[in-house]
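Please look over the sequence and the three-dimensional model shown below before reading further. The paragraphs after them may be followed with the model in view.

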Amino acid sequence: MNKFFEEKLKNKLKGTSKVPLVVLRKCTACGKITDRKDLIRILKNYKTSQIIINPNPNEFGRSTYICRNPECLKNAIKKKRLKNLTPENIEEINNLIN
Ligand SMILES: [Zn+2]
């Protein structure tokens, strides 16, 4: 368990949480807004432009979120929302979905 979660859990137990426990993010394909942990995070590193699937929280870059749904992956690619993905990235996302 990382520090951030420890802190959140402590706040939850105290009942004085100022940090929202559910972080909502929007799927780039279907537009559904849902809990961040139910989505796959796709991050493009600012410096290297490398695409990282479900990066650790210390990675900085531009994030895109997508449902764990093969239809959303297909649509995101079709709509060119994920134009920087390599075939390896797509395979990695597919493995997370299935
Ligand atoms: Zn979706």
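This is a predicted model: local features need pLDDT of at least 70, side-chain atom pairs count only at pLDDT 80 or more; totals for chains, interfaces and linings use all residues.

Residues are numbered from 1 along each chain as its sequence is written.

The protein has three helices and five strands. Here helices (H or I, at least four residues) and strands (E, at least two) are DSSP runs, numbered from the N terminus. In sequence order the pattern is α-β-β-β-β-β-α-α. The C-alpha trace spans about 45 × 30 × 20 Å along its principal axes.

Of the 98 residues, 15% count as buried. A residue is buried if 20 or more other C-beta atoms lie within 10 Å of its own, exposed if 12 or fewer, and partly exposed in between, with C-beta atoms placed from the backbone. Two residues are in contact if these C-beta atoms, placed from the backbone, lie within 7 Å. Among contacts between residues at least 6 apart in sequence, 50% join residues at least 24 apart.

Helix α1 covers residues 3-14. From its first C-alpha to its last, α1 reaches 16 Å, close to the 16 Å expected at 1.5 Å a residue; the expected span is 1.5 Å times one less than the number of residues. How many of the twelve residues of α1 are buried? The count is zero, and α1 is hardly covered.

The next feature is the sheet. Strands of a sheet pair through backbone hydrogen bonds, either parallel or antiparallel. In this model, an open sheet of three strands has the order β4-β3-β5 with antiparallel pairing, where two strands pair if DSSP finds at least two bridges between them. The edge strands are β4 (51-53) and β5, each of which pairs on one side only. From one strand to the next, the twist averages 25°; axes are lines fitted to C-alpha atoms, for helices over the stretch in contact, and angles run from 0 to 180 degrees between N-to-C directions.

Seven bridges join β3 and β5, and three join β3 to β4. Isoleucine 42 has threonine 64 as its bridge partner in β5 and isoleucine 53 as its bridge partner in β4. Lysine 44 stands opposite arginine 62 in β5. The hairpin of β3 and β4 has five residues between the strands, and there serine 49 takes a positive phi near 65°. Helix α3 (residues 87-97) lies across β3 and β4, running at about 10° to β4.

The largest nonpolar core has 14 residues, of which Cys27, Ala29, Ile66, Cys67, Cys72 and Ala76 touch the most other members. The elements that give two or more residues to this core are β3 (39-45), β5 (61-67) and α2 (70-78). Such a core is a set of buried Ala, Val, Leu, Ile, Met, Phe, Trp, Tyr and Cys residues joined through C-beta atoms within 7 Å. Beyond its neighbours within four places in sequence, cysteine 67 is in contact with Cys27, Ala29, Cys30, Lys32, Leu39 and Cys72.

Valine 22 is found in the loop between α1 and β1 (24-26). Why does valine 22 count as exposed? Valine 22 counts as exposed because it has 9 C-beta neighbours inside 10 Å.
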